[in-house]
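Reader: I would like to learn how to read a model of this kind. Please take the features in turn, with the general idea before the case.

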Amino acid sequence: MLAQAPHGGGIEIRGLEISGADNAVDAAATGAFDLDLAVTDTVLSSTGGTSLAVSGAGTTGSVVVTELTTHQVTSATAGGGIVLTDVAFDADLVTAGLQPVNAGDLTVGDPASPGDVTGPGLRLDGVLGTLQVGTLDIGNTLGAGLFVRDADATGASFTLATTGGTIATVGAPAVVVSPATLAVVLDTVSSTTTTGGSPFGIDLGTVAGSFQVTGATSISASGAGSLGAGIVATDVTATITFSGPTAISTTTGAGIALTNVDGPFTVASTAGIVTGAGGAAIDIDQGLGDVIYNGSIDNAAGRSVEITNHEGPG
């Protein structure tokens with residue numbers, strides 16, 4: 001379904017099951033015109049593109065998502081699940097400012113069968129406003145499970161919130177955020193990457209707010225050079241917490257790499273383990289935040305812990 005607004009206006013897509021050989025739903029504005037889009041209660045699949053693609057890249061106007069509620073992406077064999085580029089979220093166009101959009105539960109693929117979706121799971125690129133999700137379940141391959149980047153590159157112009165869910169990604173990172181504000185809670189996260197794919201399991205850059213995994217985190221990463229880190233956090237003020245068992249296995253680079261992290265970083269479970277890191281199992285460079293790690297380390301290939309210029313809380 002191609003939904004374009006060459007002269008501006010609003011489009012609503014509600015309660016439909018849509019499949020396509022290209023993008024199942026492709027919404028965009030052109031020229032200097034605006035598009036207001038509401039998409040609710042859909043079941044989407046694509047055999048050659050993206051299940052839901054919304055883009056404001058081709059307009060000097062704006063694309064505003066007013067509703068994005070209760071979606072299920074059953075399959076996407078090429079372009080990924082939900083990809084929103086250069087859009088704003090605003091639930092009330094009358095009230096001044098960008099009002100939060102409540103998305104309800106979002107399901108992209110099946111975490112138990114990640115091969116159903118090829119490409120990114122949920123990609124929010126160059127976005128503004130606030131998106132509030134209930135349970136976020138993603139299963140995908142060869143693209144970041146969850147990718148978030150705000151529009152002004154400060155981390156202050158977009159907020160993503162979730163209350164739970166599972167992300168299972170093969171061949172790419174499970175989570176990439178840089179930059180944004182988060183209020184994200186997930187139940188479990190897993191990422192398996194190999195040489196030729198991205199070498200990170202979770203990558204958080206310039207992130208404020210909070211990011212928590214309440215259950216198991218499992219990351220197996222291998223990549224070229226020194227980039228095979230499992231969990232990476234850079235220039236972060238957010239509170240980052242891994243409450244459940246946290247298993248990280250890397251073949252190059254660090255297991256956990258923290259650079260200029262001012263918020264507290266915690267691996268709470270004693271079942272946590274970092275094994276086979278080619279660099280330091282835990283590498284801490286600069287930053288003011290507490291780092292708490294309660295698990296074990298088995299790293300015959302490099303140092304267990306390396307700390308450089310880390311001041312800790314003052």
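Author: We start with the surface. Accessible areas come from the Shrake-Rupley method with a 1.4 Å probe, and for residues only the protein chains shown count as cover. The accessible surface of the chain is about 11,600 Å², and carbon and sulfur atoms account for 52% of that. This is a predicted model, in which local features need pLDDT of at least 70 and side-chain atom pairs count only at pLDDT 80 or more, while totals for chains, interfaces and linings use all residues. Residues are numbered from 1 along each chain as its sequence is written, and side-chain values use heavy atoms, with hydrogens and water left out.

Reader: What share of the 314 residues is buried?

Author: Buried means under 20% relative accessible area, exposed means over 50%, and partly exposed is in between (1.4 Å probe, protein chains only). Here buried residues make up 51% of the 314.

Reader: How does the radius of gyration of the chain relate to that of a compact globule?

Author: The radius is taken over C-alpha atoms, and the globule rule is 2.2 Å times the number of residues to the power 0.38. For 314 residues the rule gives a value near 20 Å, and the chain agrees, with 20 Å. Along the principal axes, the C-alpha atoms fill a box of roughly 60 × 40 × 30 Å.

Reader: How many helices and strands does the chain have?

Author: Helices (H or I, at least four residues) and strands (E, at least two) are DSSP runs, numbered from the N terminus. This chain has zero helices and 31 strands. For contacts, the criterion is heavy atoms within 4.5 Å. Among contacts between residues at least 6 apart in sequence, 75% join residues at least 24 apart.

Reader: Which strands are joined to β13 by bridges?

Author: Two strands pair if DSSP finds at least two bridges between them. Strand β11 (residues 122–127) runs parallel to β13, with five bridges, and L122 stands opposite L146 of β13. Strand β16 (residues 175–177) is also parallel to β13 and is joined to it by three bridges; there V176 is the bridge partner of F147.

Reader: Why is β13 described as largely enclosed?

Author: Because four of the five residues of β13 (residues 146–150) are buried, the strand is largely enclosed by the rest of the structure.

Reader: What sits over the ring of F147?

Author: A charge sits over a ring if NZ of Lys or CZ of Arg is within 6 Å of the ring centre and within 35 degrees of the ring normal. In this model the charged end of R123 sits over the ring of F147, 3.9 Å from its centre.

Reader: How many aromatic pairs does the structure hold?

Author: Rings of Phe, Tyr and Trp (its six-membered ring) pair if their centres lie within 6.5 Å; planes under 30 degrees apart count as stacked, over 60 as edge-to-face and the rest as tilted. The structure holds three such pairs. One of them, F89 with F158, is tilted, at 5.8 Å centre to centre and 40° between the planes. F89 lies in strand β9 (residues 88–89) and F158 in strand β14 (residues 158–161), so this pair ties together parts 69 residues apart in sequence. F89 is buried, at 0% relative accessible area, and F158 is buried at 0%. F242 and F265 form another tilted pair, with 5.9 Å between centres and 55° between planes. This pair links distant parts of the chain, 23 residues apart: F242 is in strand β23 (residues 239–242) and F265 in strand β26 (residues 265–267). F242 is buried, with a relative accessible area of 0%, and F265 is buried at 2%. Ring pairs also link F211 with F242 and F265 in a cluster.

Reader: Where does P264 lie, and which residues does it touch?

Author: P264 is in the loop between β25 (256–261) and β26. Leaving out residues up to four places away in sequence, P264 touches A238, T239, I240 and D290. P264 is partly exposed, with a relative accessible area of 35%.

Reader: Which backbone angles deserve a look?

Author: Most residues other than glycine have a negative phi, and most peptide bonds are trans. D235 is not a glycine, yet has a positive phi of about 55°. D235 lies in strand β22 (residues 231–236) and is partly exposed, at 39% relative accessibility. N309 also has a positive phi, near 55°; N309 lies in the segment after β31 (305–308) and is exposed, at 61%. A cis peptide bond joins S178 and P179, with omega about -10°. P179 is placed in the loop between β16 and β17 (180–186).
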